[in-house]
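This briefing goes through the packing, the sheet and the chain contact of the structure shown below. Points are grouped by topic.

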Amino acid sequence: MLKIGRVIYDQIVAHARRDHPDEACGIVAGPEESDDPRRFVPMVNAARSPTFFQFDPTEQLRVWRELDDNDEVPVVIYHSHTATEAYPSRTDISLAAEPGAHYVLVSTRESGHVDGAAGRSEEAPPEFRSFRIVEGVVTEEEVEVI
Amino acid sequence: MAVEVRIPTILRTYTAGAKAVDGDGQTLAEVIESVENGHPGIKDRLVEDGDLRRFINIYVNDEDVRFVGGLTAPVSDGDTIVILPAVAGGQ
C-alpha cells in the first residue's frame with residue numbers, strides 16, 4: 001500500500017494538470033527504509049511530449065546526488081498519462097528500474113483541462129493509481145491519502 | 001588508472017550488492033571492460049551493438065558522457081563514474 005500525505009498528493013495532481021497535454025514526471029523522496037514519501041521533487045520532462053517522458057539526465061544526477069547526501073530514496077516515481085488510463089504502459093514496464101519504488105500514474109485524460117463541450121472540468125477527480133513494477137511484473141496497490 | 005564506478009541498485013546483482021566498484025582504463029569503454037571482467041554480465045546492461053544503451057545514463061565527473069564522446073569519453077586516474085538508469089516511459 002502507498003500511504004501519501006494530502007499535500008503531496010495534491011502537488012502531484014497539480015503538476016500533472018499544469019503540464020497537460022504533455023506528460024509530467026517527478027519523484028517524492030523519503031528516508032531510506034521508511035517507505036514514507038515526504039519531499040516532493042517535480043522533474044523536467046526532457047521529452048516534452050504528450051506520449052513520452054524522460055527525466056533530464058543532468059537534473060536526474062543532481063537530484064539523485066541529493067538523495068544520496070540525505071540518505072533518501074525515491075519512494076514514489078510519478079508520471080502522467082494524458083490520453084490513456086493511469087496504468088503502466090509496456091514502455092513504462094520495460095524501463096522501470098527502481099524495484100523499491102511506488103510507481104504512481106496520474107491520468108489527466110478527463111481532468112487535464114477545462115473543456116465544456118467534452119464535459120471536462122478541472123474539478124473532475126483525477127485517476128491516481130500506484131503500482132510496484134519488479135522485473136516486468138506489475139502489481140497494483142491501494143493508495144491511502146493521509 | 002583507477003576510477004570509482006558507482007552502481008545503481010538495479011545492477012547491484014552483478015556486484016554482490018556493492019554500491020561502487022573499482023574500474024580501470026583510459027576511456028569509458030575500457031573502464032566498462034575492466035568492470036565486466038570482475039562482474040560478468042554487467043556490460044550487456046550498459047552497451048548494445050557497440051553503443052551506450054539509450055536508457056542508461058553514465059556520467060564522468062558529473063558530465064553526461066553523451067556530450068563528451070560516449071564510450072570513447074576519456075577517463076583519468078581518480079575520476080568518478082556514475083551509472084544511472086534513465087527514468088522514462090510513455091503511454
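The largest nonpolar core has 31 residues, and those with the most contacts inside it are A:Ile12, A:Val76, A:Ile77, A:Tyr78, A:Tyr103, A:Val104 and A:Val106. The model is a predicted one. In soluble globular proteins, nonpolar side chains tend to be buried together.

**Nonpolar cores**

**Sheet and helices of chain A**

- Six strands of chain A form an open sheet in the order β3-β2-β5-β6-β7-β8, and the pairing is mixed.
- The edges of the sheet are β3 (39–43) and β8 (137–141) of chain A; each has a single partner strand, so one side of each is left without a neighbour in the sheet.
- From one strand to the next, the twist averages 30°.
- The pairing of β5(A) with β6(A) is parallel and runs over six bridges.
- A:Tyr78 stands opposite A:Val104, a residue of β6(A); A:Tyr78 and A:Val104 are both listed among the residues with the most contacts inside the largest core.
- Helix α1(A) lies across β2, β3, β5, β6 and β7 of chain A, and its direction makes an angle of about 50° with β6(A).
- Helix α2 of chain A (residues 57–69) lies across β2, β3 and β5 of chain A and runs at about 145° to β5(A).

**Contact between chains A and B**

- Chain A puts 22 residues into the contact, and chain B puts in 16 residues.
- On the side of chain A that touches chain B, the elements giving two or more residues are β4 (52–54), α2, β5 and α3 (90–95) of chain A.
- The most on this side comes from α2(A), with five residues.
- By type, the residues of the side of chain A that touches chain B are 11 nonpolar, nine polar and two charged.
- Strand β4(A) is joined by three bridges to strand β8 of chain B (residues 88–90), and the two run antiparallel.
- The bridge partner of A:Phe52 in β8(B) is B:Gly90.

**Packing within chain B**

- Helix α1 of chain B (residues 28–38) has B:Leu28, B:Val31, B:Ile32 and B:Val35 buried.
- Viewed down the axis of α1(B), the buried residues fall within an arc of 100°, so they line one face of the helix.
- These buried residues of α1(B) pack against β1 (2–6), β2 (20–24), α2 (42–46), β3 (47–48), β5 (56–60) and β7 (80–85) of chain B.
- B:Ile58 belongs to strand β5 of chain B. The residue counts as buried because 25 other C-beta atoms lie within 10 Å of B:Ile58, where the cut-off for burial is 20 or more.
- Leaving aside neighbours within four places in sequence, B:Ile58 is in contact with B:Leu28, B:Leu52, B:Val65, B:Ile81 and B:Ile83.
- B:Ile58 and B:Leu71 are 13 residues apart along the chain, and their C-alpha atoms are separated by 9.4 Å.

Definitions and conventions. Residues are numbered from 1 along each chain as its sequence is written. Chains are lettered from A and ligands numbered from 1 in the order in which they are written. This is a predicted model: local features need pLDDT of at least 70, side-chain atom pairs count only at pLDDT 80 or more; totals for chains, interfaces and linings use all residues. A nonpolar core is a set of buried Ala, Val, Leu, Ile, Met, Phe, Trp, Tyr and Cys residues joined through C-beta atoms within 7 Å. A residue is buried if 20 or more other C-beta atoms lie within 10 Å of its own, exposed if 12 or fewer, and partly exposed in between; C-beta atoms are placed from the backbone. Two strands pair if DSSP finds at least two bridges between them. Helices (H or I, at least four residues) and strands (E, at least two) are DSSP runs, numbered from the N terminus. Axes are lines fitted to C-alpha atoms, for helices over the stretch in contact, and angles run from 0 to 180 degrees between N-to-C directions. Two residues are in contact if their C-beta atoms, placed from the backbone, lie within 7 Å. Ala, Val, Leu, Ile, Met, Phe, Trp, Tyr, Cys and Pro count as nonpolar, Asp, Glu, Lys and Arg as charged, and the others, Gly among them, as polar. The arc is that of the directions from the helix axis to the C-beta atoms.
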